[in-house]
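Could you take a look at this model before we talk? My notes are below.

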Amino acid sequence: QVQLVESGGGLVQAGGSLRLSCAASGKIFSINRMAWYRQAPGKQRDLVAVVTSGGSTNYADSVKGRFTIPRDNAKSTVYLQMNSLKPEDTAVYYCNVVLRSYGLGSYNDYWGQGTQVTVSS
């Protein structure tokens, strides 16, 4: 069974930084895409950043130049480094990982439990 555990959320002042972590564990054969989404109250869940197995990255326009999404394949972990935070970055952040488990012939989608990020003005 695969589990994703997120950490690193919290309260920060505008202009500050936070780093989120998402560690995948279990009988993992291969990890493909790793991503972060966020959902603000009353809004839909939106893609923030994604990194492929080859290391290619893509970012939402609203976070380009401020956020990065490094991944550590040896630790099956993806991070979200958030700099120059703004109040509009306030949301629950979810990691999303597409991976293949041992014994399964296909890739499946997994979600973390979510971590709250609050940016005060």
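Predicted model: local features only at pLDDT ≥ 70, side-chain atom pairs only at ≥ 80, totals over all residues.

1. Residues are numbered from 1 along each chain as its sequence is written, and side-chain values use heavy atoms, with hydrogens and water left out.

2. The largest nonpolar core has 29 residues, and W36, V48, F67, I69, L80, M82 and Y93 touch the most other members. By nonpolar core I mean buried Ala, Val, Leu, Ile, Met, Phe, Trp, Tyr and Cys residues joined through side-chain atoms within 4.5 Å. Buried is under 20% relative accessible area, exposed is over 50%, and partly exposed is in between (1.4 Å probe, protein chains only).

3. Strands that each supply at least two residues of this core include β3 (18–25), β4 (28–39), β5 (46–51), β9 (77–82) and β12 (115–120). β10 (91–101) is on that list too, and β10 gives the most, with five residues. Strands here are DSSP runs (E, at least two residues), numbered from the N terminus.

4. What does L80 contact, leaving aside neighbours within four places in sequence? Its partners are L18, R19, L20, W36, V48, A49, F67, T68, I69 and Y93, with contact meaning heavy atoms within 4.5 Å.

5. Most residues other than glycine have a negative phi. S76, in the loop between β8 (71–72) and β9, has a positive phi of about 50 degrees. S76 counts as buried because its relative accessibility is 16%.

6. S84 also has a positive phi of about 50 degrees without being a glycine. S84 sits in the loop between β9 and β10, and at 42% relative accessibility it counts as partly exposed.

Key. Helix = DSSP H or I, 4+ residues; strand = E, 2+ residues; numbered from the N terminus.
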